[in-house]
Amino acid sequence: MKARLHAVAVALLLVVSGCSAGSTASVSAGPDTLSVGFTAEPANFDFTRTDGAAIPQALLYNVYEGLVKLDADGHVVPLLAKSWTISPDRRTYDFQLQSNVRFSNGAPFTAEDVKFSLMRVKTNWTISIKAAMDVVDHVDVVAPDHARVVLSKPSNGWLFSLTSRLGAMFSPTGVADLANKPIGTGPYEVASRRRGDSIVLKANPAYWGRKPAYTTVVLKYIKDPTALNNALLSNGIDVISAITAPDSLPQFQGDDRFTVVQGTSNSEVTLAMNNARPPLNDVRVRQALTYAIDRKALLDTAWAGRGTLIGSMVPPTDPWYEDLSQVYPFDPAKARQLLAGMNLNLRMRIPNLPYAIAAAQVVQSQLADVGVRTTIEPLDFPAVWLKQVFTDHDYDLSIIQHVEARDITTFGKPKYYWGYDSKRVQQLLADADSGTPEQQVAAMKQVARQINADAAADWLFLFPNVIVAKAKVGGFVQNQVSESFDLTGLALR
Amino acid sequence: MTVKVLRRLAILLVSVLVASIVVFLFMAVLPGDPAQVALGVNATPELLAKTRAEFGVDRPLLTQYLDWIGGVLRGDFGRSYVTRETIGPQLLDRLGVTLWLVGAGMLVALVIAIPAGTFAAVRHRKPSGAGVSGLSQIGVAIPAFLAGIILVQIFAVQLRWLPSGGWTPPEQDFGEFARGLVLPALSLGLVQGAVLTRYVRSAVLDTLGQDYLRTARSKGLRPGQALVRHGLRNASVPVVTVLGLQLATLLIGAVVVERVFVLPGLGSMLLDAVSARDLLTVQGIVLVLVVGVLLVNFVVDVLYTVLDPRLRGS
């Protein structure tokens, strides 16, 4: 059969193109080149003014570095800061900096750059997450290798946000054209890009830390999941950064040319309920819906069983994680009892994305079993969904991935599209931010339990982080905890 | 003749103007706020208002349109909401990719259709002619993206002879460029070739039944000679009409095929821009596509008069 396929193929090719057969399609460069496939392409290189996950995914930790970074387990560890101390009132942070660090344009990295970068978030950044830096009162340059940051109030969230793009260190000599020429202290620098196709990173020869194993990394942007899989199967790329269609995994698992790495992510697939509007402003209705949905079956059907059941807005890599997935077991009888006498017809307005559509169909049929009718309305994402559901709160139910780290804090914002307004949760979140790490963990556990008890939403499952790579490539960060696709630990096996 | 061409040219210009208004109005009624999409989920109302002002989308529609079309006439397509770069150079770059694709697809279609169609016509009473005709029928039924997916499965995934997608600029590595273009051009061209085969067949068949061919034969020309000298030029008039329509179809088909083969052409740029509500970019691309189609029609109209002297007089 294979021989006949060959013969037909040869004939076709010779007839139509006259192309010589027999050459192999492959990545065009040598063993220290790595080609990684992604689905979402950065619009430009300036994450200070353009939002979206794609830019920090490519640049953070690879091209830009911060004072601290997140390790694979979600702990804050040193990067450009060798160490740091926190004052007893938890408002003053003293960072001891690495010496002999230079930006890729040759400028030395000093405490002046720390001050410049942190203060610049307030003045020049436009993306909305910059609000996390509002708490910075001022930055003192104590010595070239010693920066002191003084906060206006204690904030645990602030140090954590330094591990994101907000903590990236810039040089005053390197911010003239951020959209096209990013200049950081990281192990890679941007060599070239072809819009709609790829970005090429080259190792920074003057890097202060451990040299990366791959001197050239090509980031290939392939929007279609099937085309992405085909690119790996046909040697066009070496790594798929994240599998977006789980049913495609068996073709890689059965093949010893490839290795599949699965971990957790920060991305909670959430059934949002409009807490501010009848009938879902009634806690019994929200609880009933939560009892009515068999999340295990949903995960198996919608996402091939890959993912984690969580029960609240906390992934296992956060320090305050507890498994709350069994607080509301699947219990249709109880759901019917809570809904007795109600005649519900809900609008499920979801983004037109594969996971949301798959999950919405399961939710619809399970809710129908307890007598709740739903209409699924897929909306163009991001544009229409953002406008109508997220901004105008025009929905009863929605299903979307909440991808940001520690986004449980959104339940402290009554104006957020959840419409959830709990004074207790708001107070607990404030306490957690200002307390010691131990107090923070205790308070955050309370938050997670409270929103679960209130059925403020239904956390259907936690998205898996699935990387597929050629067997020779190793050293991946298994759990996706940061905003970065961290290339620095990759190694040849 | 000159008058006729000038009249066609006038129609072309008016069509472009009307098209630009239609395109602009479509963008204006599309739901979704470009400022919201650019700023993401945590945007504050103040920031949204500021960004809308920065993009200029808070101004009256007429002002926005005149501003835009004025710029386009000077070659300035504006600055993208998303990439914050000027759109013109990017558009030109992507257009190059799409033109290579469409050109190669057209070439494949012609290389298949002219011999196959003529063959099917000359032998229309024989099984071989009917066979070619039947094959083309099947080809017509297969959409380009499906052809693309099948070709990738065979030649890229199973046999690993050709890349499954991606783009290498010809000036960088011509061999790699050509290898990358084979499968996309085939998936576009095979289908169009099948369509075109049927038109070539019927046009040649028509011509074969004409009196002047019989006259040519009676003067002593062999069937092949008669067809080549007297028949093909006459058969080409309806084929050119279809060719013009097909070029437009190819442009649209390229949008889909570019996605399947991950080619950074106008099509993938258009899809990205639509989903990011990068309206200025969408407007620019659609305008270029519309102008492209109108230009092809214009060229076809002019070609008629070149091919058929009878059409020159009126």
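This is a predicted model: local features need pLDDT of at least 70, side-chain atom pairs count only at pLDDT 80 or more; totals for chains, interfaces and linings use all residues.
Student: Fine. What box does chain B fill?

Tutor: Roughly 85 × 55 × 35 Å for the C-alpha atoms, along the principal axes. Of the 314 residues in chain B, 40% count as buried. Buried takes 20 or more other C-beta atoms within 10 Å of a residue's own; 12 or fewer is exposed, in between is partly exposed, and C-beta atoms are placed from the backbone.

Student: Now chain A. How many helices and strands?

Tutor: Chain A has 13 helices and 18 strands.

Student: Why call chain A as compact as a globular protein of that length?

Tutor: Its radius of gyration is 25 Å, close to the 23 Å from the globule rule for 493 residues, so chain A is as compact as a globular protein of that length. The radius is taken over C-alpha atoms, and the rule is 2.2 Å times the number of residues to the power 0.38. The C-alpha trace spans about 75 × 70 × 35 Å along its principal axes. As for burial, 47% of chain A's 493 residues count as buried.

Student: Which domains does chain A have?

Tutor: Domain 1 is 22-45 + 186-261 + 466-492, domain 2 is 64-174 and domain 3 is 266-462. The bounds come from an automatic or database domain assignment. The C-alpha centres of domains 1 and 3 of chain A lie 33 Å apart. Their contact takes seven residues from domain 1 and seven from domain 3. Contact needs C-beta atoms, placed from the backbone, within 7 Å.

Student: Back to strands. What order does the open sheet of four strands in chain A have?

Tutor: The order is 4-5-7-6, with antiparallel pairing. To pair, two strands need at least two bridges found by DSSP.

Student: Why are strands 4 and 6 of chain A left without a neighbour on one side?

Tutor: Strand 4 (81-86) and strand 6 (136-143) stand at the edges with a single partner strand each, so one side of each has no neighbour in the sheet.

Student: And how do strands 5 and 7 of chain A pair?

Tutor: Strand 5 (residues 92-97) and strand 7 (residues 146-151) pair in the antiparallel sense over five bridges. In strand 7 of chain A, A:His146 is the bridge partner of A:Gln96.

Student: Which strands does helix 3 of chain A lie across?

Tutor: Helix 3 (residues 111-124) lies across strands 5, 6 and 7 of chain A, at about 170° to strand 6. Axes are lines fitted to C-alpha atoms, for helices over the stretch in contact, and angles run from 0 to 180 degrees between N-to-C directions.

Student: Last one. How many residues does each chain bring to the A–B contact?

Tutor: Chain A brings 41 residues and chain B 43. Helix 11 of chain A gives the most to chain A's side, with six residues.

Terms used. Residues are numbered from 1 along each chain as its sequence is written. Chains are lettered from A and ligands numbered from 1 in the order in which they are written. Helices (H or I, at least four residues) and strands (E, at least two) are DSSP runs, numbered from the N terminus. Two residues are in contact if their C-beta atoms, placed from the backbone, lie within 7 Å.
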